[in-house]
Amino acid sequence: MIRLETHTLPRHLRRLEAETIEIMREAVAAFKSPVMLYSIGKDSSVMLHLAMKAFYPAKLPFPLMHIDTTWKFREMITFRDETAKRMGVDLIVHVNKDGIARGINPIDSGSALHTQVMKTDALKQALDLYGFDAAFGGARRDEEKSRAKERIFSFRSVGHVWDPRNQRPELWNLFNTRIRQGETMRVFAMSNWTELEIWEYIMFEKIPVVPLYFARWRPVVHRDGTLIMVDDERLPLLQSETPQMRRIRFRTLGCYPLSGAIESEATTIEDIVAEMQVATVSERQGRLIDTDETASMEKKKREGYF
Amino acid sequence: MDMEASPCVGEADSKDQLRFITCGSVDDGKSTLIGRLLHDSKMIYQDQLRALARDSAKHGTTGGDIDFALLVDGLEAERQQGITIDVAHRFFTTSHRSFVVADTPGHEQYTRNMATGASNAQLAIILIDARKGVLAQTKRHSFICSLLGIRHVMLAVNKIDLVDYRKDIFDGIVNDYVSFASELGFASITPLPISARYGDNITKRSRNTDWYQGQSLLDHLETIHIESETTDLPFRFPVQWVNRPSLDFRGYAGTIASGSISVGDEIIVAVSGLSSRVKRIVTYDGDLAVAGAGEAVTITLEDEIDVSRGDVLASPTHRPEIAHQFAAHLIWMDQEPMVPGRSYAFRIGTQSITSGSISCIKYKVDVNTRKQVAATTLGLNEIGFCNLATVLPATFDPYRINRRTGSLIVIDLSTNRTVGAGMIEFSRRRTTNIVQQPQSIGKRERSALMHQKPCVIWFTGLSGSGKSTIANIVDQKLFAMSHHSMLLDGDNLRQGLNRDLEFTEEDRVENIRRAGEAARLMLEAGLIVICSFISPYKADRNMVRSLVGNREFVEVFVDTPIEECIRRDPKGLYSKAKSGQIKNFTGIDAPYEAPSTPELHLKASGERPEHLADRVLNCLAERGFITLR
């Protein structure tokens, strides 16, 4: 089949697509045992789609790995398992069993401890357990200030430590992929994408995403100015709280008790893109774990968070 | 998709991307400018503005006003210091273009970050404080932009409000800059008066400067025509990854660095010179008939020829340069100064060259005056014009012609840090003109006559570890077995061939290089060559290994604890070193980097030399170099 020369993708998206593919191929050529961190969200959907393109006609030369805190939305887990099946990719699901045994959860332990144990520690555990030397992540530089200074190939010393003062300079497309035994690399192949471009790309490429991104009537409670969806019976309700049906969607997905919803009418990707273009708050506002303190992302990253 | 139903689609269709950097001296207002651009192009959300107002009250330098610089000064540490210390990437978009901004620091010791930001930029905004005019750092940054191949400059004379919007001051600065920059080869220089803090001439023309007739900064960014850098150049395809999912498919995955390619076109593999034709251009979205610069594709060829990662597929009529020696501008980026002669790894395109070196520094460039200064080494943030050498040939184009195939990075082999960045100028014809003289009798014939297999046995270890004693016994035993061998000893060579060398790091590198070359000649003569050198640096031993060839190189690590060596001190050198009579003595005030995977690791303490020599012979026998009876 010979494709027509007229590309449907706009030029800026074609450029981003080619850049990400180049980075992914580079990592696969340079590392012995890469893995793709799959968080089920929109960025992961795009990352997986781009990986399929990068290695076509070969299958994905690495597995996907989901760090499951056991508090993800049910629809996310369903979507994750369906996606792995549909795409025919290997999926590893890792849970920090030690954290479960200690009874860590986002409600009683607080978001900071829950994130530390069930995400950061779990990720480090899993990387060590499987001996992965490179991990793809879908983080973007436009998400947050400390991410803006992150490298594409982000070096981690033994113990997965990130030192923002001692990063390797990154020039042109010449990446330094050399590491020693025990050291690892995080590979942020989508560093230069923005949230709007992610949605534009999903629209043009018709990439499936978790239905939670689309507005629908869902049961929520109002807490500290945030709409929290009651996804299962584990969310303890105060006496004054009665879940109400509201038409909501999510801009960003994580553990359900920590993800704030927005009221929205957007039921299609075109609606979401249109809504994005007039949005007045950032996507991270819905993330309760980032607001603990201003520099909290940098702090979490130093400790090994993605 | 229904184009009518979604108006943003048609709009986005013509959209392009522009990558630019902002540079200038400390306090020229770079971060404020970027914050202002993000704010005025509505890229800052309400929650971010609220956080900004909070931070402005805490860290801000603008009194009660919002300090836009705090939006972009990301890391906690630099917020406290009030300076940007690294490259930060910012994104904003208008209906015409999407922009990626590299915010690079103006602080003197962070030249390397500026070069990093400039390496992927098509345009530079150079900020000047209207009160201060053109400074040494303005010149430095302009020079680096020019060196890194940026063709378009916007000269933003900032804080024009603080000089009462005066035209004469603006004109004076522009004249100064243009006369200085005329030698830098920019295709365009666009001056404009701005106030990043108050927004004059940022997104629209300001009434405060009615004498200024040009576009606003954002209008200019949206409309400037940036010629495609690589489309019109000859075809270059650095092979990144060989895609081989089954026996029926062998494709070469990579991104087209320059030019374009069609199905049926003839290509050559740069180093081997082998040629073939393009059979298919494969993508996930279907095969292409034609593909151009910047596209990530997978190419299959008509013929089964040897192609692997690092090879460059190229146009047969316009071939790239292939050379062992070439000249390049290098920017040094590490605290550890460059050591000419030492082995470094180079990355050129997808080529990983692990046995390269900087053979000499022709001169260093004073970045403020652009004067050439003699130099024996380069320190952090220094720029030099250097000759580089590689054991295996490298494929490239001059950087000023092709930024994608003419750039390189330098990596320290022991720390794995990126220590330098280079722009290749030309291959050194002088070496290209020395054609290897073919010899009709080779190593194989010469060694066959002696009934032996030649190799190089390389003993490394501290002074007093016993390596020369063991080497000597090995030599005697080989002689007794009627083998033709030769012993090269560090101390002995320093009395002749290496008489002119000292014990500095540079001279130690040269000492080992000469020993390695001598060993290689003797290997060619068919001999078993026994070398005994402290050779403290891993990089240098690896250089000899690649010179000799991995198969015929046997590294023997004589591992004796330093305490034991000091106790023995056969030549009285340790006591001299300790009393300061000898400087740079390995193990005392100079490092020893132990081999991690030697062919043979001799734990020498408490063992008889005779016994250790037998273990060396056993190792040679296991590797098939000799036969033991």
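Two strands count as paired here if DSSP finds at least two bridges between them. With that in hand, let's walk through some close-up views of this predicted model.

**Figure 1. An open five-stranded sheet in chain B.** The strands of this open sheet follow the order S24-S25-S23-S26-S27 in chain B, and their pairing is parallel. Strand S24 (485-489) and strand S27 (600-603) of chain B are the edge strands; each has a single partner strand, so one side of each is left without a neighbour in the sheet. From one strand to the next, the twist averages 15°. Helix H14 (residues 505-524) of chain B packs on the sheet, where it touches S23, S24 and strand S25 (528-532) of chain B. The direction of H14 makes about 165° with that of S25(B).

**Figure 2. Val456(B), seen with its strand and its contacts.** Strand S23 (residues 455-460) and strand S26 (residues 553-559), both of chain B, run parallel and are joined by 5 bridges. Which residue of S26(B) is the bridge partner of Val456(B)? It is Phe553(B). Setting aside neighbours within four places in sequence, Val456(B) is in contact with Ala519(B), Leu523(B), Val529(B), Cys531(B), Val548(B), Glu552(B), Phe553(B) and Val554(B).

**Figure 3. The largest nonpolar core, with members from chains A and B.** This core holds 232 residues, and Val187(A), Ala124(B), Val456(B), Ile457(B) and Cys531(B) touch the most other members. Which element gives the largest share of the core? That is helix H1 (residues 11-30) of chain A, with 9 residues.

**Figure 4. Strand S4 of chain A, covered on both faces.** In a regular strand, side chains alternate between the two faces of the sheet. Strand S4 (residues 134-137) of chain A has Ala134(A) and Phe136(A) on one side and Ala135(A) and Gly137(A) on the other, and all of these are buried. Strand S1 (residues 34-37) of chain A pairs with S4(A) in the parallel sense over 3 bridges, and here Met36(A) stands opposite Phe136(A). S4(A) is also joined by 4 bridges to strand S6 (residues 184-188) of chain A, again running parallel. In that pairing, Ala135(A) stands opposite Arg186(A).

**Figure 5. Gly99(A) and the residues around it.** Look for Gly99(A) in helix H4 (residues 97-101) of chain A. Is this glycine, Gly99(A), buried or exposed? A residue counts as buried if 20 or more other C-beta atoms lie within 10 Å of its own. Gly99(A) has 22 such atoms within 10 Å, so it is buried. Not counting residues up to four places away in sequence, Gly99(A) touches Ile104(A), Val117(A), Met118(A), Asp121(A) and Ala122(A).

**Figure 6. Helix H2 of chain B, mostly covered.** Of the 11 residues in helix H2 (residues 30-40) of chain B, 10 are buried.

**Figure 7. Backbone geometry worth a second look.** Most residues other than glycine have a negative phi, and most peptide bonds are trans. The peptide bond from Tyr56(A) to Pro57(A) is cis, with omega near 5°. Pro57(A) has its place in the loop between helix H2 (42-55) and strand S2 (64-67) of chain A. Asp164(B), which is not a glycine, has a positive phi near 55°; this aspartate lies in the loop between strand S5 (152-158) and helix H8 (167-181) of chain B. With 9 other C-beta atoms within 10 Å, Asp164(B) is exposed. Asp569(B) also has a positive phi, of about 35°, and sits in the loop between helix H16 (562-568) and helix H17 (573-578) of chain B. Asp569(B) is partly exposed, with 15 other C-beta atoms within 10 Å.

**Figure 8. Where chain A meets chain B.** The contact takes 59 residues from chain B and 55 residues from chain A. On the side of chain B that touches chain A, the residues divide into 25 nonpolar, 19 polar and 15 charged.

Terms used
Residues numbered from 1 in each chain as written. Chains lettered and ligands numbered in written order. Predicted model: local features only at pLDDT ≥ 70, side-chain atom pairs only at ≥ 80, totals over all residues. Helix = DSSP H or I, 4+ residues; strand = E, 2+ residues; numbered from the N terminus. Axes fitted to C-alpha atoms, helices over the stretch in contact; angles between N-to-C directions. Contact = placed C-beta atoms within 7 Å. Nonpolar A, V, L, I, M, F, W, Y, C, P; charged D, E, K, R; others polar. Core = buried A, V, L, I, M, F, W, Y, C linked by C-beta atoms within 7 Å. Buried ≥ 20, exposed ≤ 12 C-beta atoms within 10 Å, placed from the backbone.
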